Amino acid sequence: NALVFLPILWTPGAWGMETFAKTYLAFCAFCLAMSACCLVNDLADIHSDRQDSTKRGRALSSGRLSIRDGMLLAGLFLAISVSIATLLSPIFAAIILAYVALAVAYSLWLKRFLLVDLFILTALCLAPALWGTAAEMTAPSYWLMIFCAGLFFCLASLHRYVGLRRWDVGDDGDGSHATGYAVDDA
């Protein structure tokens, strides 16, 4: 989430209180939008998360947070996020909504497609750096974006690899409920 601050570090003359305040509001909007997306993802994967030894302790999968409360929190977080983003600019609010739409599509459907999920995870990780430029209305550094995209693609690939290696040895090989991968894809 702190990647929202990255663009102002490379923008000449951007070290003012107004810039910091806008970027901080963008950071808050991003955190709320990300939290809403994580709740939607956990709701979508609640049944498979209950079977996973590392995910069954999460609030939704363990039952500490009800499904109804999870949906209400997701909606509340999204509404506050869009409100903050609208204060910054209508373009930034549109970016937040596009991010949420992509993240929800990923959670509900797109993560089932081999390799597509890696590109979407990369885009979702790259978004905060782009959001920072949108909040401040500056042009992003292409070199910074290329570096971050390569780094995030490597991290998404590593995340997927670790997830595949973590599957139980007794798995029947038909893949996860959450992705289109099979154990052999590791």
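Author: D69 counts as partly exposed, since its relative accessibility is 30%. Bear in mind that this is a predicted model. D69's partner is R68, and the two side chains meet in a salt bridge, 3.3 Å from N to O. R68 itself is exposed, because its relative accessible area comes to 55%, and the cut-off for that label is over 50%. As a bit of background, side chains of opposite charge can pair when their charged atoms come close.

That pair is one of four salt bridges in the structure. Now for another one: D45 and K111, whose side chains meet at 2.5 Å, N to O. This bridge links distant parts of the chain, as D45 and K111 are 66 residues apart. D45 sits in the loop between α2 and α3, while K111 sits in the loop between α6 (90-108) and α7 (116-136). So where does that leave the two partners, buried or exposed? D45 is buried, at 7% relative accessibility, and K111 is buried too, with a relative accessible area of 4%. Both get that label because buried means under 20%.

Next up is D42 with R58, another salt bridge, in which the closest N and O atoms are 3.0 Å apart. Here D42 belongs to helix α2 (residues 17-44), and R58 belongs to the loop between α3 (46-51) and α4 (59-62), so the bridge ties together parts that lie 16 residues apart in sequence. What about accessibility for this pair? D42 is buried, at 17% relative accessibility, whereas R58 is partly exposed, with a relative accessible area of 34%.

While we're on α7, have a look at T122, which lies in that helix. T122 is buried, with a relative accessible area of 9%. A polar atom of the T122 side chain lies 2.8 Å from the backbone oxygen of L118. And if you set aside neighbours within four places in sequence, what does T122 touch? T122 is in contact with A149, F152, F153 and A156.

Note on methods:
Residues numbered from 1 in each chain as written. Predicted model: local features only at pLDDT ≥ 70, side-chain atom pairs only at ≥ 80, totals over all residues. Heavy atoms only, no water. Helix = DSSP H or I, 4+ residues; strand = E, 2+ residues; numbered from the N terminus. Buried < 20%, exposed > 50% of the residue type's maximum accessible area, 1.4 Å probe, protein only. Polar contact = N/O pair within 3.5 Å; in protein donor to acceptor, adjacent residues only side chain to side chain. Contact = heavy atoms within 4.5 Å.
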